[in-house]
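Subject: Structure handover and findings

Hi,

Here is the structure for you to take over. Please load it first, then read the notes below.

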Amino acid sequence: MKLSKITLSIATVAALMGAAACGNSGNDPLSTSSSSSSGGSSSGGLTVGSADFPESALLAEIYAGALEAKGVKVAKKLNIGAREAYIPALKDGSIDLIPEYTGVLTQYFNKSAKATDSDGVYAELKAALPATLTVLDKSAAEDKDALVMKKSKADELGVKSIADLASKSKNLTAGGPPEWKTRLTGLPGFKKIYGVEFKTFRALDAGGPLTVQALKNGQIDAGDLFTTDPNIPANGFVALEDPKSMFAAQNVVPLITKSKSNPTIEGALNAVSAKLDTATLTALLTQVVVDKKDASVVAKDFLSKSGLA
Amino acid sequence: MIQNIVRWLTDPEHWSGSEGIPARLGEHLWYSGLALAIAAVLAIPAGLAIGHTGRGRFLVVNLAGAARAIPSLGLLYLMVLWLFPKLSGDVAFLVPSLIVLVVLAIPPIMAGAYAGVEGVDPAARDAAKGMGMTGSQVLGRVEVPNALPLIFSGFRSAALQVIGTTTIAAVAGTGGLGRFLIDGQKIREFPQMVAGALLVAVLALLVDLLLAVAQRYAVSPGLTGRSRGRSNTPKVVEIGALRRTVDPQAS
Amino acid sequence: MTWFLDHLGDVQDRTLQHVYLAGLPLLLGLLLALPLGWLARRYKALYAPFTAGFGLLYTIPSLALFVLLPAIIHRQILDPVNVLVAMTLYTVALLVRTVADGLGAVPEHVQQAATAMGYTRVKRFFAVELPLAVPVISAGLRVAAVSNVSIVSVAAIIGIPQLGLFFTDGFNRDFYDPIVVGIVACIVLALLFDVVIIGVTRVLTPWIRATGGRA
C-alpha cells in the first residue's frame, strides 16, 4: 500500500517531467520571444557573455561597445557564472563571445599545459582550443588569481611568497571559489607545486566580497583575489609572490565562436586589446567597484576616450 | 546519467570527512532546525495572542504577507554585506543565513497559530468561559489544543520551505547540503548536483513525515475526525505554500 | 534613491522580465493544475498520490532545477524557457492540492441541486463546481504568486536576466543600493500580483459580495 503510493507519486512526477520535456523540445514559440535582450545570435549579430564578477562584465561591456561602434549588432548576456558554465554556453550557441584570461583558459582545455610566460601560454592556448572556438589578439592587460593575505599576518609569519607557506600552512585556513577544491589553479596546485596544504578550505566566492570580508575579519588567513582588485591596496592586503608561476600568465583575450567571427569583429576587438594594459584595467575596475559606477558607463567612457567608439 | 548519480552517491569518499554527506546533512539540519526553533518561539506566541484577542490581525497579516514577498536571495546578500564585517568567526557565516530562514519561516507559522485559534468553535470557547475559565485558561486548555492541527500545518509548511531554502545559504559560504549544489554547479558536475537535490528532497520528506507522526500523537483524537469540513475554507489555504490539512486518510 | 532614479530603465526592463518569468508560469501552472486537481477529486485513489507527488516537486531546490533542466529538456543553458518550466512545475506543485480541495469544498447539496436542474457533469463542473471553488483556488494562487516572485530571483545565479541580477551585481561590488532596489521591486511586484488575483477573484465571484458572504 505505502509502496504503491510512493511509486504512483514518482510516476506522477516523471510523467509531468516528460510532459514538460515534450512540450518544450519542439518549435516552442516562447524560446525566441522570451528574452528581450537576446535575439542577436541567430541574425548575424553577436551575443556577448561574461563571467559573474565585475571585471568580466566590464570587459564584456567594452567589447560590446566597440563592436556596436563598428555597426555590429550586439546582444548581452552577462554574469553567467564560472568558466564551467559559460564555456558550455559558448559551445551550445547561447553566447558567441566572452572576455577570457589566457592562463586559466588554457588549463581548462589542457590540464597538462606547461607554459607560464605570456607568449608561451598564448601559443599553448591556441593549440588547446576546440575547433569551433578561437581567441583573437591578447592584450597587455593581465589579471591573475593571487593568494592574498593580510599584510600584518604575512609579516608575522615571515611569508613573502606561496613557497614560504609550505612549513606554516598546516595551521592556516584558506578561502576561495568552490571550484578551487578541484582545479589545478587551486588547492591541488598548491599541494603539487608548492607542497602547501591548508588546515581547512572555505568555499566562498571568486575574488568577491565574501573573500575580501573573510580575509579582513580573519575567518580565513589566505584567500583568492584578483591582482587588479582595488580591495587589495585598500585593505592592507598583500598578494603573495608566485615564484613557480603556478598562476600562469593571464592576459585578457576575447574568446569567440569561429563561425561568428569576421574581419570587422576581429578588427574592433583587436583594437580594444591594443589599448588595454594592466594599469588601465585596474583604473577602470576601480571606478566600477569602488566608485560604484555602472560597468556600461565606464566602458563607454573608456571607448570614447581611447577613440574606439 | 543515472549511473553517475548512483556512483556519486555510493562513493565511500563522499560519505566521510567534514565535506561528506553525513557532515553536510548534519549542518543542514542544524541550520534549518535552529531557524525553525527561533521562528516558532517568535511566531507561535504572537499568533496565539492575535487569534485570542483578535487585535492586530490586520497589521500582522499584512506584515506577514510582505515578509513572504521578500526574495530570500536578495535578503541573504544584504545581510551578508551588512553583518559580515560586524561579526567574527563562524558565526559571521551562520547569522545572515539564519536571519533569512527565520524571516521565511515566521509568516506560515504565525498564520497557522492565529488561524487555528480564530477557527475554534465559538461554542467551545463560550462553554469554557461558562465553566469559569480565565482568559489564559481558555487559551491554554481549549484554544491551543483545538488549534494544534493548524499550528502543525503552519509549522510543517515552514519546515519544508526552510529545508529547501537552506541550500542557497551555501552561496554565503556556509555548509549544508547546498554545498553540493553550488560546488556542483561551479564545476558543472551534474551527478553531485542531482545527488544534493535528492538529499534535500529526501530530508524534507523525512522531516515532514516525522512531524506528521508527532502531530498524530499531539493532536487530541477528538479533533482529528471532524476537522475536515473546516479545512477547506480559503483562510486555511492561505497558511502556507505546502499547506497540510489534517489528512482524513491518515487519521 | 539617486541610484534608483539613475537606473529607472534597468529597473523597468528587469521588472518586466521578472513579471514574465514569474507570471506566465502562474497561468500555465493553473491550467495544468485544474485538470490534475479535478482528477484527484474525481477519483479518490488518485488524491493521495497526486497531492503528495506534486507536492514533492516543491522540495526540489530551485537552484538545482534551474541548472539541471536544460539537460533534461534539451534547451540551451541560458534559455529563459528553463526558468519558465521550473516555475511552472513549482506552481503546479502548489496548486494541485488546492484545486482538488477547492473542488471538494462544494457542498453535496449544491451538486445535487445542479444535477436535479438537469446539468450534465461537464456543465456542472464549469457552471457550478469551478466557480464555487474560485475563492479557494485564488488563495492558493496568491501563495504561488508570492513564492514565484521570490524563487525567480534565484535564477540570477545562472545569469538569466530579471530583478535578481540586482542582487548579484550589488553583492559583487559590496554595494547596497541595487540589492535594496531589487528587494523593494520584488515586494511591490508580489503585491501587484496579489492585487490582480484578488481583483479577478472578485469579478469571478459576484455572489460573495451580493450575499455578504465570507471569503
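Domain bounds here come from an automatic or database domain assignment. On that basis, chain A splits into domain 1 (46–142 + 249–305) and domain 2 (145–239). Keep in mind that this is a predicted model.

**Chain A overall**

Chain A has 309 residues, and 49% of them are buried. Its secondary structure amounts to 13 helices and ten strands. Take the contacts in chain A with a separation of 6 or more: 75% of them are between residues 24 or more positions apart.

**The two domains of chain A**

The C-alpha centres of domain 1 and domain 2 of chain A are 26 Å apart. How many residues of each are in contact? On domain 1 of chain A there are 14, and on domain 2 of chain A there are nine. On the domain 1 side, helix H5 (102–109) and helix H12 (278–289) of chain A each supply at least two residues. H12(A) gives the largest share, with six residues. By class, that side of domain 1 has seven nonpolar, four polar and three charged residues.

**Helix H3 of chain A**

H3(A) covers residues 54–69, which is 16 residues. From first C-alpha to last it reaches 22 Å, close to the 22 Å expected at 1.5 Å a residue. Is H3(A) enclosed or open? Of its 16 residues, 14 are buried, so the rest of the structure largely encloses this helix. Just after H3(A) comes A:Gly71, with a positive phi of about 85°.

**Strand S8 of chain A**

S8(A) runs over residues 222–226 and is mostly covered, as five of its five residues are buried. A:Ala222, A:Asp224 and A:Phe226 point one way from the strand. A:Gly223 and A:Leu225 point the other way.

Which strands pair with S8(A)? Strand S5 (residues 145–150) of chain A runs antiparallel to S8(A), joined by five bridges. There, A:Leu147 stands opposite A:Asp224. Strand S6 (residues 173–176) of chain A pairs with S8(A) in the parallel sense, over two bridges. In that pairing, A:Ala174 has A:Ala222 as its bridge partner.

**Chain A against chain B**

Here 17 residues of chain A are in contact with 15 residues of chain B. On the chain A side, the elements giving two or more residues are H4, strand S7 (200–203) and helix H9 (209–217) of chain A. H9(A) gives the largest share, four residues. The chain A side divides into nine nonpolar, four polar and four charged residues.

**Chain B against chain C**

In this interface, 36 residues of chain B are in contact with 44 residues of chain C. Six helices of chain B give two or more residues to the side that touches chain C: H3 (57–69), H4 (72–83), H7 (135–165), H8 (178–186), H9 (190–218) and H11 (234–237). The largest share, nine residues, comes from H9(B). That side of chain B has 25 nonpolar, nine polar and two charged residues.

If you want to give interface sizes, the accessible area lost when the parts come together is often used. The counts above are residues in contact.

**Helix H7 of chain C**

H7(C) is residues 121–152. A straight helix of 32 residues would span 46 Å at 1.5 Å a residue, but H7(C) spans only 38 Å between its end C-alpha atoms. Where does H7(C) bend? The bend is at C:Val134, by about 50°. A proline, C:Pro135, follows within four residues.

Most residues other than glycine have a negative phi. Two residues in this model go the other way.

- A:Asn79 is not a glycine, yet has a positive phi of about 60°. A:Asn79 is in the loop between strand S2 (74–77) and helix H4 (83–91) of chain A. With 26 other C-beta atoms within 10 Å, A:Asn79 is buried.
- C:His74 is not a glycine either, and has a positive phi of about 55°. C:His74 is in the loop between helix H4 (62–73) and helix H5 (80–104) of chain C. With 11 other C-beta atoms within 10 Å, C:His74 is exposed.

Best wishes

Terms used
Residues are numbered from 1 along each chain as its sequence is written. Chains are lettered from A and ligands numbered from 1 in the order in which they are written. This is a predicted model: local features need pLDDT of at least 70, side-chain atom pairs count only at pLDDT 80 or more; totals for chains, interfaces and linings use all residues. A residue is buried if 20 or more other C-beta atoms lie within 10 Å of its own, exposed if 12 or fewer, and partly exposed in between; C-beta atoms are placed from the backbone. Two strands pair if DSSP finds at least two bridges between them. Two residues are in contact if their C-beta atoms, placed from the backbone, lie within 7 Å. Ala, Val, Leu, Ile, Met, Phe, Trp, Tyr, Cys and Pro count as nonpolar, Asp, Glu, Lys and Arg as charged, and the others, Gly among them, as polar. The expected span of a helix is 1.5 Å times one less than its number of residues. The bend at a residue is the angle between axes fitted to the seven residues ending there and the seven starting there.
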